[in-house]
Amino acid sequence: IHPECDGAALGQASLRDFRRIIDVISSISDGVVLNIGSAVILPEVFLKALSAVRNLGCRADNFTSVCFDMIRHYRPQQNVVSRPTKGSGHGYYIIGHHEIMIPLLYRSLLQEK
């Protein structure tokens, strides 16, 4: 922590970011969420934001979640792929080098048009 860090401003920015994520997730139904290479922070924040959205009564189901990573990790498997899509939706864990897998995803999406 830098001695000139303003804790109040940092907290305010974190809350603003979390509210933005909640806003996006509130319209996730029938959509897709991608986690690319985050093994800890994004899976935790995603699951908490999704829980908040559902607790507020928003329909947040029937979506597809995909985790891209170099190796399988517990948190993304549980918090992005398994728990959020349980009961409705689909979750996938794709293991490989990002510089190969993301362009392959892009090309496959272009071919579906």
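1. A residue is called buried here when its relative accessible area is under 20%, exposed when it is over 50%, and partly exposed in between. By that cut-off, the buried residues of helix α3 (residues 74–82) are Pro76, Gln77, Asn79, Val80 and Val81. These buried residues of α3 pack against β1, α2 (41–55), β2 (64–69) and β3 (90–95). The model is a predicted one, and the remarks below should be read as remarks on a prediction.

2. Overall layout. The protein has four helices and three strands, and from the N terminus on the elements run α-β-α-β-α-β-α. Its C-alpha trace spans about 50 × 35 × 30 Å along the principal axes. Of the 113 residues, 26% count as buried. Among contacts between residues at least 6 apart in sequence, 75% join residues at least 24 apart.

3. Core. Which residues make up the largest nonpolar core? There are 11 residues in it: Ile22, Ile25, Ile28, Val33, Phe46, Ala49, Leu50, Val53, Ala60, Phe63 and Val80. Helices α1 (7–25) and α2 each supply at least two residues of this core, and the largest share, four residues, comes from α2. Val80 is also among the buried residues of α3. In soluble globular proteins, nonpolar side chains tend to be buried together.

4. Val53. Leaving aside neighbours within four places in sequence, Val53 is in contact with Ile22, Ile25, Ser26, Cys58 and Ala60. Ile22, Ile25 and Ala60 belong, with Val53, to the largest nonpolar core. Cys58 has a relative accessibility of 33% and therefore counts as partly exposed.

5. Cysteines. How many disulfides does the structure hold? The number is zero. Cys5 is partly exposed, because its relative accessible area is 38%. A disulfide is a covalent bond between the sulfur atoms of two cysteines.

6. Surface. The accessible surface of the protein comes to about 7600 Å², and 58% of that belongs to carbon and sulfur atoms. Val32, Leu34 and Ile36 form a nonpolar patch on the surface, with about 260 Å² of accessible area together. Leu34 is found in strand β1 (residues 32–36). With a relative accessible area of 38%, Leu34 is partly exposed. Val33, by contrast, is listed in the largest nonpolar core.

7. Backbone angles. Two residues deserve a look at phi. Asp30, in the loop between α1 and β1, has a phi near 65°, a positive value in a residue other than glycine. Asp30 counts as exposed because its relative accessibility is 51%. Asn62, in the loop between α2 and β2, has a positive phi of about 55° although it is not a glycine. Asn62 is at 39% relative accessibility, so it counts as partly exposed. Most residues other than glycine have a negative phi.

8. Is Glu112 buried or exposed? Glu112 counts as exposed, because its relative accessibility is 68%. Its place is in the segment after α4 (98–111). Glu112 and Asp17 are 95 residues apart in sequence, and their C-alpha atoms are 33 Å apart in space.

Definitions and conventions: Residues numbered from 1 in each chain as written. Predicted model: local features only at pLDDT ≥ 70, side-chain atom pairs only at ≥ 80, totals over all residues. Heavy atoms only, no water. Patch = residues over 30% accessible without salt bridge, like charges linked within 9 Å, V, L, I, M, F, W, Y side chains within 5 Å. Areas by Shrake-Rupley, 256 points an atom, 1.4 Å probe, with all protein chains shown as cover. Salt bridge = Lys/Arg side-chain N within 4 Å of Asp/Glu carboxyl O. Buried < 20%, exposed > 50% of the residue type's maximum accessible area, 1.4 Å probe, protein only. Disulfide = S-S within 2.5 Å. Contact = heavy atoms within 4.5 Å. Core = buried A, V, L, I, M, F, W, Y, C linked by side-chain atoms within 4.5 Å.
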